[in-house]
Amino acid sequence: MKPAAIVHLDADAFFVSVELALRPELRGKKVAVGGRSRGIISSASYEARAAGVYTPMPTQRALRACPDLILLPHEGDYAGVSRRMFDLCEEVTPLVQRNSIDEGYLDLGPCGLADDAAVEARTRQLQRRIWDVLQIPVSMGIAANRLVAQVASKLRKPRGFVVVPRGGEAAFMAPLDIGVLPGIGQKTQERLANRGVHRIGDVVDRGEAELASLFGRDWREWLARCRGEDDRPVNPERGEAKSYSQQETFGEDIRDVAAIEAIAKGMVDSLLPKVRADGKRVRTLTLLVRYPDFTQESVGRSLPEASDLETAFYALIPKLVKQAWTQRRPLRLISIKVSGVEDGARQLDIFGETDERRRRLAGYLDRLNAAGGANVLHGHQLEAPGAGRRRGIGSPRRP
Ligand SMILES: [Mg+2]
């Protein structure tokens with residue numbers, strides 16, 4: 001049986017956590033982020049919540065309920081921290097769906113993990129890494145589908161970690177309050193309570209007519225949800241995330257490190273012109289390697305700043321090959337993905353003159369290659385010993 005490998009990640013009190021990462025002396029205190037006059041609370045620490053502060057709540061009311069509340073203005077780099085958090089996720093799996101600034105889904109299917117224990121270990125590692133790198137606490141739920149993973153991640157916040165084994169969905173859902181189901185608001189919950197439905201399990205043994213009167217036309221969908229059924233895939237193209245990728249299946253399996261690195265660089269060379277053509281920059285490079293028996297390994301790394309230059313990513317390649325290709329057996333396929341897409345124009349100022357010159361040169365090369373008559377090689381293709389012999393096995397076709 002395939003392990004349950006869908007993870008829902010939900011940062012705990014995200015805006016407050018971003019502020020606390022900069023002001024660790026405030027940890028453990030009643031802290032909230034929000035506007036002071038006529039504002040609302042957008043995020044509250046768990047200590048503040050225990051004192052009656054919730055979100056969204058008018059700030060003035062929060063200050064009355066909790067006079068020693070430490071109120072911080074809503075002005076941190078929340079989008080930047082969110083991006084770095086999801087970049088760390090994309091170092092684990094290419095299938096990351098950024099749902100909102102602080103919530104998303106991961107599908108660890110492509111990681112080739114053997115069983116539930118391996119999925120759990122990898123997910124705990126990610127939870128720790130997000131804390132170590134960003135000092136952002138997150139809660140995780142692991143399940144066989146998105147719905148159950150989402151319910152699981154919210155069950156034991158903060159720093160929750162809840163695993164629902166495949167096949168255990170209905171039993172996991174049954175004792176939970178019906179209000180934990182996404183789409184059941186407070187009003188619906190009260191209406192259902194008046195009909196004797198308090199827990200999710202109260203729904204599943206009702207007859208069709210009663211279900212129709214409880215949930216209306218869509219009662220079959222609601223029944224499926226109450227049983228913990230969901231077949232929506234994790235979709236990385238939804239939300240902000242977008243990526244560029246390329247893969248090559250080799251005519252003959254290869255096992256030469258220099259060849260693998262050269263092919264990976266060739267893929268970077270063919271992806272970055274597309275990134276530039278879209279006016280974007282990218283942060284994360286992910287390498288996936290597949291063996292002839294179709295087992296595969298995948299690992300990613302991020303640059304400190306997004307870039308649209310091939311040269312920025314070259315240095316990551318040997319590290320990725322070393323980390324991803326642990327079995328050192330011949331490979332049947334490799335795939336390269338660049339993700340963590342950002343708008344190109346926004347960061348022009350941070351690049352020095354050298355990068356600016358490289359970028360202009362890269363632009364010339366793009367146009368020459370697009371014109372079709374040229375066969376312009378990048379520096380590394382000349383450097384790699386015997387690179388010419390391997391063309392046709394794995395490097396991208398050129399005109
Ligand atoms: Mg959250």
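Me: Quick one. How many disulfides does the structure hold?
Reply: It holds 0 disulfides. A disulfide here is a pair of cysteine sulfur atoms within 2.5 Å. Note that this is a predicted model: local features need pLDDT of at least 70, side-chain atom pairs count only at pLDDT 80 or more, and totals for chains, interfaces and linings use all residues. Residues are numbered from 1 along each chain as its sequence is written, and side-chain values use heavy atoms, with hydrogens and water left out.

Me: Cys89, buried or exposed?
Reply: Cys89 is buried, at 0% relative accessibility. Buried means under 20% relative accessible area, exposed over 50%, partly exposed in between (1.4 Å probe, protein chains only).

Me: And Cys111, buried or exposed?
Reply: Cys111 is buried as well, at 6%.

Me: Switching to the annotation. Which residue does "active site" cover?
Reply: Glu103, according to the UniProt annotation, from an unreviewed entry. UniProt positions are in the numbering used here, feature names are shortened, and annotations may be inferred rather than shown by experiment.

Me: Where is Glu103 found?
Reply: In strand 7. Helices (H or I, at least four residues) and strands (E, at least two) are DSSP runs, numbered from the N terminus. Glu103 counts as buried, because its relative accessible area is 18%.

Me: What does Glu103 touch?
Reply: Not counting residues up to four places away in sequence, its contacts include His8, Asp10, Arg98 and Lys154. Contact means heavy atoms within 4.5 Å. With His8 there is a side-chain to side-chain polar contact at 3.1 Å. A polar contact is a pair of N or O atoms within 3.5 Å; within protein, one must be able to donate a hydrogen and the other to accept it, and residues adjacent in sequence count only if both atoms are side-chain atoms.

Me: Which strand does strand 7 pair with?
Reply: Strand 6. Residues 96–100 pair with residues 103–107 in the antiparallel sense, over 4 bridges. Two strands pair if DSSP finds at least two bridges between them. A hairpin of 2 residues joins strand 6 to strand 7. Gln97 stands opposite Tyr105.

Me: How many residues of helix 6 are buried?
Reply: 8 of the 8, residues 146–153, so helix 6 is largely enclosed by the rest of the structure. Among them are Arg146, Gln150 and Ser153.

Me: What caps its N-terminal end?
Reply: Asn145. One of its side-chain oxygens lies 3.2 Å from the backbone nitrogen of Leu147.

Me: Last one. Where is Lys29?
Reply: In the loop between helix 1 and strand 2. Lys29 is partly exposed, at 40% relative accessibility. Leaving aside neighbours within four places in sequence, Lys29 is in contact with Ser45, Glu47 and Ile70. A polar atom of its side chain lies 3.4 Å from the backbone oxygen of Glu25.
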